Amino acid sequence: MTELLSPDDIGVEMHHLIRELYPICRSITGDGVRQTLRIVQQHIPLVIHEVPTGVQLFDWTTPREWNVHDAYVANVHGERVIDFRASNLHLLNYSTPLRARVSREELHAHLFTLPEQPDLIPYRTSYYTERWGFCVSHAQAAQLTDPYYDVVIDASLEVGHLTYGELVIPGASQDEVFFSTHCCHPSLCNDNLSGIALCTWLAKYIAFLSTRRYTYRFVFIPGTIGAIAWLALHEAETMHIRHGLVVACVGDPGSLHYKKSRRGDAEIDRVVQHVLRWSGAAYAVRDFSPYGYDERQYCSPGFNLPVGSLTRTPHGCYPEYHTSADDLTLVQPPYLADSLQKYIQVVETLEHNRRYLNLNPKCEPQLGRRGLYSALGGRKHAGSAELAMLWVLNLSDGEHTLLDIAERANLPFDDVFVAAQLLVEHDLLREV
Ligand code: ZN
């Protein structure tokens with residue numbers, strides 16, 4: 001795929017998908033998730049799974065399914081002053097159905113606003129407590145001074161299903177690389193249509209590879225309950241997960257942030273940090289904490305999977321987070337493409353991070369005779385390609401991976417990988 005499209009084009013295509021998905025009202029259940037996954041299916045062969053309401057999932061059960069047909073608040077003149085059709089953020093996500101005339105005071109008791117950001121609509125949910133509500137800008141709420149209002153929430157909260165999408169791309173081994181992205185947020189772009197777009201294009205890239213060492217699994221799931229459902233229904237398969245990342249917030253202008261797995265020293269933790277260290281751009285690394293996205297479930301002690309999270313600005317750390325300002329202007333094609341490129345580098349490093357054995361371990365092999373050494377003797381410093389060859393030969397004792405060698409040599413992984421390939425071609429090295 002990278003051969004077919006430039007990074008600029010890919011960023012633009014990712015943004016197009018985000019634009020297409022943006023108007024859909026998603027939640028942890030309902031037709032918005034189905035519609036979203038069906039659009040993703042136009043790009044990759046996702047399998048859509050349905051988990052019935054009431055299924056026991058460890059300490060949780062699948063909730064009733066929520067769907068919205070219309071919702072508004074009308075003033076004394078019958079004019080819609082808060083309208084779900086204008087922005088799906090206006091309705092408290094999972095609000096119970098209602099058709100009632102309420103006093104101004106009662107309406108205000110059910111409004112959510114952001115006094116600190118008075119022009120933005122907040123995004124609020126109430127999945128597990130039954131209540132009704134609307135989200136409006138603080139400025140708009142101040143204008144709602146009529147004595148009464150008519151509230152219509154034409155929604156259903158009924159026995160149905162929880163929907164998630166899954167794609168498995170087989171490789172040479174059953175060992176898996178696992179990518180998880182949440183698909184439950186309504187009209188919000190960075191959190192997390194950017195994650196959906198990135199996983200879609202990363203899956204396209206991986207499917208395009210001619211050989212794969214690992215099997216790759218992508219899950220597009222509603223946050224928390226979807227991850228819990230996937231783990232509960234696939235517990236036996238989790239033993240195949242060798243490396244994993246939770247994909248979110250990958251389209252904003254901020255620098256990349258890596259949140260380590262609970263283990264902290266898993267191969268995925270080392271690989272992502274290596275890629276970021278050699279990227280030439282600013283980045284940050286944070287230790288695991290049991291707060292954030294679905295790494296909370298994957299890294300719960302009963303699973304303790306090697307799953308970290310690679311984002312740009314972390315959740316809650318940008319002012320547009322969970323507001324109407326997390327829109328199509330916050331996420332931009334170059335940042336989407338840059339994030340995708342980092343994920344691709346992580347995949348390539350995982351694929352190539354193997355152990356080798358030096359077949360000529362007693363003293364250095366004569367590289368010059370094989371045309372592997374610079375013809376110019378006596379230079380002050382070896383070139384980085386020579387240095388990489390010397391390190392690979394010295395540390396390829398069957399114990400060290402190429403990543404171990406790259407870190408020890410303080411060289412980028414690619415240099416060490418290229419050196420190893422060259423040495424294999426010249427029968428000086430073989431894979432263990
Ligand atoms: Zn969120």
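Predicted model: local features only at pLDDT ≥ 70, side-chain atom pairs only at ≥ 80, totals over all residues.
Residues are numbered from 1 along each chain as its sequence is written, and side-chain values use heavy atoms, with hydrogens and water left out.

Because histidine 185 lies in the loop between β11 and α5 and histidine 322 in the loop between β16 and α9, the pair ties together parts that are 137 residues apart in sequence. Helices (H or I, at least four residues) and strands (E, at least two) are DSSP runs numbered from the N terminus. Histidine 185 is buried, with a relative accessible area of 10%, and histidine 322 also counts as buried, at 19%; buried means under 20% relative accessible area, exposed over 50% and partly exposed in between (1.4 Å probe, protein chains only).

Eight strands form an open sheet with mixed pairing, in the order β1-β10-β12-β11-β13-β16-β14-β15; two strands pair if DSSP finds at least two bridges between them. The edges are taken by β1 (47-52) and β15 (283-286), each with a single partner strand, so one side of each has no neighbour in the sheet. Strands β11 (residues 176-182) and β12 (residues 215-221) run parallel and are joined by seven bridges, with phenylalanine 178 opposite arginine 217 in β12. Helix α6 (residues 225-233) packs on the sheet, touching β1, β10 (161-169), β11, β12 and β13 (241-247), where contact means heavy atoms within 4.5 Å.

The largest nonpolar core has 75 residues, of which Phe179, Leu202, Phe218 and Phe220 touch the most other members. Such a core is a set of buried Ala, Val, Leu, Ile, Met, Phe, Trp, Tyr and Cys residues joined through side-chain atoms within 4.5 Å. Helix α5 (residues 189-208) gives the largest share, 11 residues. Domain 1 (2-61 + 163-352) and domain 3 (355-431) both contribute, so this core lies between them; the domain bounds come from an automatic or database domain assignment. A second, separate core of 54 residues includes Cys135, Ala141, Val219 and Ala229.

Notes
Axes fitted to C-alpha atoms, helices over the stretch in contact; angles between N-to-C directions.
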